Amino acid sequence: MSTAFWSTVDTKVGPFTAVVAGDGAVLASGWTGDVAELTALISPSLAPTALTERRDLGPVTKAVRRYHAGELDVIADVEVRQRSGAFREHAWEMLRKVPAGSPVSYAEYATLTGSPAAVRAAASACARNAAALFVPCHRVIRTGGALGNFRWGTDTKRWLLDHEHPA
């Protein structure tokens with residue numbers, strides 16, 4: 001039996017919930033107050049058998065608060081655990097290397113993965129990312145600068161991009 005822990009933090013852009021494994025690795029996260037919305041995103045191979053709410057998830061909660069307060073690089077230090085195919089897992093790793101304030105297009109993201117022709121696969125990796133913020137899929141935009149889709153809404157994506165690159 002594996003127990004995961006979850007907590008919701010109020011942020012400037014709405015409630016942010018994270019689900020973490022017993023060792024503190026983020027399994028799922030996003031701008032929602034509904035933990036069931038997040039647990040549905042966790043790979044079956046990582047799915048916990050029990051969930052326990054905690055007021056504070058230690059380093060994860062601290063990183064969420066610090067990020068929303070303007071310390072943009074703190075999310076890079078948080079361990080994330082996601083499972084999928086080899087390409088998607090690699091794509092998620094590469095996404096963690098996209099710096100705050102420097103969004104990339106889906107085509108540029110595909111190139112970062114080492115597969116420049118795999119633009120649709122790169123977009124799919126963004127869409128299937130369970131660990132929003134810590135795997136910053138919001139930093140991928142359409143060629144020409146349009147926002148593109150975001151599981152947590154385009155208003156949230158715009159806020160995040162503006163937060164990371166103030167005009």
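**Close-up 1. Phe16 and Trp31 are both buried (under 20% relative accessible area, with a 1.4 Å probe and protein chains only).** This is a predicted model, where local features need pLDDT of at least 70, side-chain atom pairs count only at pLDDT 80 or more, and totals for chains, interfaces and linings use all residues. Residues are numbered from 1 along each chain as its sequence is written, and side-chain values use heavy atoms, with hydrogens and water left out. Three aromatic pairs turn up in the structure; for these, ring centres of Phe, Tyr or Trp (its six-membered ring) lie within 6.5 Å, and planes under 30 degrees apart count as stacked, over 60 as edge-to-face and the rest as tilted. One of them is Phe16 with Trp31, an edge-to-face pair at 4.9 Å centre to centre with 70° between the planes. The two come from distant parts of the chain, 15 residues apart: Phe16 sits in strand β2 and Trp31 in the loop between β3 and α1 (35–39). Strands are DSSP runs of E with at least two residues, helices are runs of H or I with at least four, and both are numbered from the N terminus.

**Close-up 2. Trp31 also pairs with Phe150.** Here the ring centres are 6.1 Å apart and the planes meet at 50°, so the pair is tilted. Again the chain brings distant parts together: Phe150 is in the loop between β6 (140–141) and α6 (154–164), 119 residues from Trp31. Like Trp31, Phe150 is buried.

**Close-up 3. Asp23, Glu79 and Arg81 form a network of salt bridges.** A salt bridge puts a side-chain nitrogen of Lys or Arg within 4 Å of a carboxyl oxygen of Asp or Glu, and the structure has six. Arg81 meets Asp23 at 2.6 Å, N to O. That link spans 58 residues, from the loop between α2 (59–68) and α3 (86–95) to the loop between β2 (14–20) and β3 (26–30). Arg81 also meets Glu79, at 3.0 Å. Arg81 is buried at 18% relative accessible area, while Asp23 is exposed at 51% (the cut-off is over 50%). Glu79, at 43%, is partly exposed, the class in between.

**Close-up 4. Arg66 and Glu71 share another salt bridge.** Their closest N and O atoms are 2.7 Å apart. Arg66 is partly exposed at 32%, and Glu71 is partly exposed at 38%.
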